[in-house]
Amino acid sequence: MKLLHRLRSGRVATIDAVKAAPPPSPLAPVDLTDHTQVSTVMDLAARIGDILLSSGTGNNDTKAHIHAVTAAYGLLYCHVDITLNTITISTSIGVAKKTPLSVFRVVRRLTVDFSKLSEVDRLIRSICAGATPPEVAEKILDELMEAPPPYGFRTAWLGWSLFGAAVAVLLGGGFAVAVISFIVAGIIIGGSAWLDRRGLPAFFQNVFGGFVATVPAALSYRWAHTLGFELSPAQIVASGIVVMLAGLTLVQAMQDGITGAPVTASARFFETMMLTGGIVAGVGIGIEASHAIGVTLPELQTSTAPNLTSVTVKVIAGGLASATYAIACYSEWSSVVVSCLTATTGSFVYYAVLLPLGVPPVVAVSIAATIIGLAGGLLARRFLIPPLITAIAGITPLLPGLSIYRGLYSILHSQTLVGLSSMVLALAIGSALAAGVVLGEWCARKLRRPPVLSRYRAFAKRMA
């Protein structure tokens, strides 16, 4: 009971506060009969929702944040509708004669700048506390949108490269594989950024990334074979696949589906499948190009039984992979540390506990993801970090890069049944990761939700 009390007390996440507590009593409410003031508040709330959605926040949580912002300024009765990339806020103003008023906003595409998510989380807390009037909040948002990330693209690019190297080690690669994966990840991210600035759709960027992940791996394999030492190209390809999978919206799609937003969930899931199809196409083209230059990639070797050394290395690599991914997404350093601790916990459970016990991969991944969601959610609330950051960064080391590569390799070598089984396994692992981390985050939210309503009941008893 003491442990449960400790978990329930203390700091809470912004989303917990806005969902658990009744609407705040505004210290300086706007004039609800003034068209300009009401529309300013609604536009402010829509802009905040824009940043939340583009950072990957689910529909249900974004609606709760928008309602909290409007209620903080006295606008308690408004309707919020979110469908994929559009936000509509509607209300009525006036006393004797009601006049309908609505604000519509198209959300930008998904970004990987978690620094803005942290800043807007603090802004929402300030608004709900009554410390930020609308005109000040608008100025803060303007500065936030124009402000550069906390560190430059070179640091983020280095984070992506280190992420690729850490994933390669996590998959069992040695020093040479890690170095090559570092270079490949850097080429993928740098080339994709260059193509993105020129307006190439994300699907073709993923085709490029899949091709780059495969051909250097084949050339490195031939080079290593010539020099007389072993090198596994599968680990290089798989690390490149994970680098590209890390930015997709599977977790958000599952969260929207579970929390009652099926239209947005279906659209996000379809988008994820399309972008994954680009990766698959790029890897397939890369395998065929390798054959054309006379390099035949070897079959995947059966993984060896885990031992203390390999498990320790993989657990450490899992934590480093999550930390470097957080750096690549411009996270604050507190978020980097918490993400590292969360992923290390999940990797330890997965590699040191579940796999040695013979738990099937999909079940093991779902259990590890649930622990990541729970541990990350609790730590995020303790350090006032948006839980979404620790959730997404925490599961990246477990993304199914090897399963996708195994499926493609088998299909291209006339092993259709094995290939389809591997691709289905990859989809099952991805879904298990998303569902597990959503369940863990839900548990953390229930444990740390502030018991605000009980105070109102106690107050009513005293008045009686």
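**Note on helices, a surface patch and annotated spans**

1. Helix α16 (residues 387–395) has nine of its nine residues buried, so it is largely enclosed by the rest of the structure. The buried residues are Pro-387, Leu-388, Ile-389, Thr-390, Ala-391, Ile-392, Ala-393, Gly-394 and Ile-395. Buried stands for under 20% relative accessible area, exposed for over 50%, and partly exposed for what lies in between (1.4 Å probe, protein chains only). Helices (H or I, at least four residues) and strands (E, at least two) are DSSP runs, numbered from the N terminus.

2. The model is predicted: local features need pLDDT of at least 70, side-chain atom pairs count only at pLDDT 80 or more, and totals for chains, interfaces and linings use all residues. Residues are numbered from 1 along each chain as its sequence is written, and side-chain values use heavy atoms, with hydrogens and water left out.

3. In helix α4 (residues 59–72), eleven of the 14 residues are buried, so α4 too is largely enclosed by the rest of the structure. Among them are Asn-59, Asp-61, His-65 and Thr-70. Just after α4, Gly-74 has a positive phi of about 95°.

4. A nonpolar surface patch is formed by Phe-153, Trp-157, Leu-158 and Leu-162, together about 350 Å² of accessible area. Areas come from the Shrake-Rupley method with a 1.4 Å probe; for residues, only the protein chains shown count as cover. Patch members have over 30% relative accessible area and no salt bridge, with nonpolar side chains (Val, Leu, Ile, Met, Phe, Trp, Tyr) joined within 5 Å and like charges within 9 Å. A salt bridge is a side-chain nitrogen of Lys or Arg within 4 Å of a carboxyl oxygen of Asp or Glu. Phe-153 belongs to helix α7 (residues 153–170) and is partly exposed, at a relative accessible area of 43%.

5. His-291, in helix α12 (residues 262–292), is partly exposed, with a relative accessible area of 28%. Neighbours within four places in sequence aside, His-291 contacts Thr-296 and His-413, a contact being heavy atoms within 4.5 Å. The C-alpha atoms of His-291 and Ala-218 are separated by 9.2 Å, with the two residues 73 apart along the chain.

6. An unreviewed UniProt entry lists "transmembrane region" spans, including residues 202–224 and 417–439. In the model, residues 202–224 are 100% helix and 0% strand, with end C-alpha atoms 33 Å apart. Residues 417–439 are also 100% helix and 0% strand, with end C-alpha atoms 32 Å apart.

Terms used
UniProt positions are given in the numbering used here, feature names are shortened, and annotations may be inferred rather than shown by experiment.
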